[in-house]
Amino acid sequence: NALEAMELSEKMGGQTKLTFYADMIVYHLLGLVQPREQLEEFFNHVLGRLQKYDQENKADLMSTLEEYFLNGGNITLAAKKKYLHRNTFMYRIEKIKDILKVDFKHPESVLELQIALKIRKILDQ
């Protein structure tokens, strides 16, 4: 398990030497999905519109969404880490909600977004 955690961490761009298997288990499970096209379909279904918006408008909304979840939905903390004003960060989150037609109050929607963000890391390797 330790070796697999280290390998997964390296693949996901891990920056630290200390990696716990439990922290990488979702990536392990997603890596088992075959064929890979199923991961791409899920990602495109959930975050495809946001990715397209980012590409067409040279926006950075995908990383805004990721930072939001990395900070447990704490807008103030996430904004600081992105070096953005809190109101700017809130505007971006509202823009994301509008583009994706999603409500962050629905746990299933939030779970799908978080899984899609993890799939993105797998597809980007």
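Tutor: The chain in this predicted model has 7 helices and 0 strands. Its elements run α-α-α-α-α-α-α from the N terminus. Of its 125 residues, 33% count as buried. The chain exposes about 8400 Å², and carbon and sulfur atoms supply 52% of that area. Take the contacts between residues at least 6 apart in sequence: 52% of them join residues at least 24 apart.

D54 lies in helix α3, which covers residues 36-57. That helix bends by about 70° at L47. L47 is itself buried, as are L39, F43, V46, G48, L50 and D54 in α3. After α3 comes K58, with a positive phi near 50°.

What is the nearest side chain of opposite charge to D54? It is R120, 6.2 Å away. A salt bridge needs a nitrogen and a carboxyl oxygen within 4 Å. D54 is buried and has no salt bridge. Leaving aside residues up to four places away in sequence, D54 touches A59, D60, L61 and M62.

D60 forms a salt bridge with K82, and their closest N and O atoms are 3.0 Å apart. D60 sits in the loop between α3 and α4, and K82 in the loop between α5 (75-81) and α6, so this pair ties together parts 22 residues apart in sequence. At 36% relative accessibility, D60 counts as partly exposed.

R120 has a salt-bridge partner too: E66, with closest N and O atoms 3.8 Å apart. E66 is in helix α4 and R120 in helix α7, so the pair ties together parts 54 residues apart in sequence. E66 counts as buried at 17% relative accessibility. R120 counts as partly exposed at 24%.

The whole structure holds 6 salt bridges. K97 pairs with E94, the closest N and O atoms being 3.4 Å apart. The two are 3 residues apart in helix α6, separated by about one helical turn. An α-helix has 3.6 residues a turn, so residues three or four places apart point the same way. K97 counts as partly exposed at 22% relative accessibility. E94 is partly exposed as well, at 47%.

A search of the whole structure finds 3 aromatic pairs. Y68 and F69 make an edge-to-face pair, with centres 5.4 Å apart and 70° between the planes. Both Y68 and F69 are buried. F69 also pairs with F104: the ring centres are 5.9 Å apart and the planes meet at 40°, so this pair is tilted. It links distant parts of the chain, with F69 in helix α4 (residues 61-70) and F104 in the loop between α6 (86-100) and α7 (107-124), 35 residues apart. F69 counts as buried at 15% relative accessibility, and F104 counts as buried at 13%. Ring pairs link Y68, F69 and F104 into a cluster.

To return to your residue: D54 is buried without a salt bridge. Its contact D60 is bridged to K82, while R120 is bridged to E66.

Definitions and conventions. Residues are numbered from 1 along each chain as its sequence is written. This is a predicted model: local features need pLDDT of at least 70, side-chain atom pairs count only at pLDDT 80 or more; totals for chains, interfaces and linings use all residues. Side-chain values use heavy atoms; hydrogens and water are left out. Helices (H or I, at least four residues) and strands (E, at least two) are DSSP runs, numbered from the N terminus. Buried means under 20% relative accessible area, exposed over 50%, partly exposed in between (1.4 Å probe, protein chains only). Lys and Arg count as positive and Asp and Glu as negative; His and the chain ends are not counted. Contact means heavy atoms within 4.5 Å. Accessible areas come from the Shrake-Rupley method with a 1.4 Å probe; for residues, only the protein chains shown count as cover. The bend at a residue is the angle between axes fitted to the seven residues ending there and the seven starting there. Rings of Phe, Tyr and Trp (its six-membered ring) pair if their centres lie within 6.5 Å; planes under 30 degrees apart count as stacked, over 60 as edge-to-face and the rest as tilted.
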